[in-house]
Amino acid sequence: MAANQSPQLGYNHNIPHRGRLYHVQTEDSGIQKAHIFTHVFYDGTIISTNKVDYRDRLESENLDAVIVAAMQDSHKSMIRQLRSGSFDERIIKYIGAHPEASNKPEVAAPVVQEKAPAKRPDRRPPPEPREVVPQGPPLAAGEPGPTLDPTLGHVVFTAPEAQAQVAASAAGQGPPRPSRGPSRVGRRPIGGIGGQGVTAGTPIAQRRDVIVGKFASEHQHKLDDEILALLAED
């Protein structure tokens, strides 16, 4: 174990409590002194301090992990004590009464407004009856009804160009239709970041569309999530 090993990076969080914002700070003194301090501040005034000595754990196999765990335990313990009211008597004595009665925000009861009964829309009066205009001879049982041949008068069917196209298609002489067969379908490579594709079966380490990363201070992000969950418990 190196005697000049650098202290672990500390933690700093601003924690709300009953209408004020308190600062919780944890720092490592290094293995030469082998202790951890956690302070709770308000506007420069120290509300409480916790000291953890780890001199008896200096021979641990993974000393860095031991120190980080001790720092996080002390940090979270002080936050829990602050939020639970363990320091309230001292806060009132040195700073003053709390602006709020508790950490839970008061939620006003929703105002329920009575809805007026929906007015039924007025119905329109029925239309006046009118005589039915006859459209053709009456239908007789067993006889087909009147039909209309569209080629007799519709401009689409009577146009000379349309009739010529129909006749040419029937004789097999019409213009060829464009085709989107397999020769026109391009193959799309498996996409990769940067626009360069990779073929199937490429090792994962060589694929540009897969990025593997890791936070440099992973335990800091984990602690932040734990503190947010701790605040949500109240």
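Student: What does the accessible surface of the protein chain come to, and what share of it belongs to carbon and sulfur atoms?

Tutor: This is a predicted model, where local features need pLDDT of at least 70, side-chain atom pairs count only at pLDDT 80 or more, and totals for chains, interfaces and linings use all residues. Residues are numbered from 1 along each chain as its sequence is written, and side-chain values use heavy atoms, with hydrogens and water left out. Accessible areas come from the Shrake-Rupley method with a 1.4 Å probe, and for residues only the protein chains shown count as cover. The surface comes to about 19000 Å², and the carbon and sulfur share is 54%.

Student: Which pattern does the protein chain follow along the sequence?

Tutor: Let's begin with the pieces: helices (H or I, at least four residues) and strands (E, at least two) are DSSP runs, numbered from the N terminus. The protein chain has 5 helices and 4 strands. Read along the sequence, they give β-β-β-β-α-α-α-α-α.

Student: Which strands stand at the edges of the sheet?

Tutor: Two strands pair if DSSP finds at least two bridges between them. Here 4 strands make an open, antiparallel sheet in the order β1-β2-β3-β4. A strand at the edge has a single partner, so one side of it is left without a neighbour in the sheet, and that goes for β1 (11-17) and β4 (45-53).

Student: How is the aromatic pair of tyrosine 22 and tyrosine 42 arranged: stacked, edge-to-face or tilted?

Tutor: Rings of Phe, Tyr and Trp (its six-membered ring) pair if their centres lie within 6.5 Å; planes under 30 degrees apart count as stacked, over 60 as edge-to-face and the rest as tilted. A search of the whole structure finds 1 aromatic pair. Tyrosine 22 and tyrosine 42 are 5.2 Å apart centre to centre, with 50° between the planes, making the pair tilted.

Student: Is tyrosine 22 buried or exposed?

Tutor: Buried means under 20% relative accessible area, exposed over 50%, and partly exposed in between (1.4 Å probe, protein chains only). Tyrosine 42 has 23%, so that residue is partly exposed. Tyrosine 22 is at 0%, so the word for tyrosine 22 is buried.

Student: Which residue's side chain is joined to that of lysine 76 by a polar contact of 2.6 Å?

Tutor: Lysine 76 is in helix α1 (residues 63-84). A polar contact is a pair of N or O atoms within 3.5 Å; within protein, one must be able to donate a hydrogen and the other to accept it, and residues adjacent in sequence count only if both atoms are side-chain atoms. The side chain that lysine 76 meets at 2.6 Å is that of glutamate 226.
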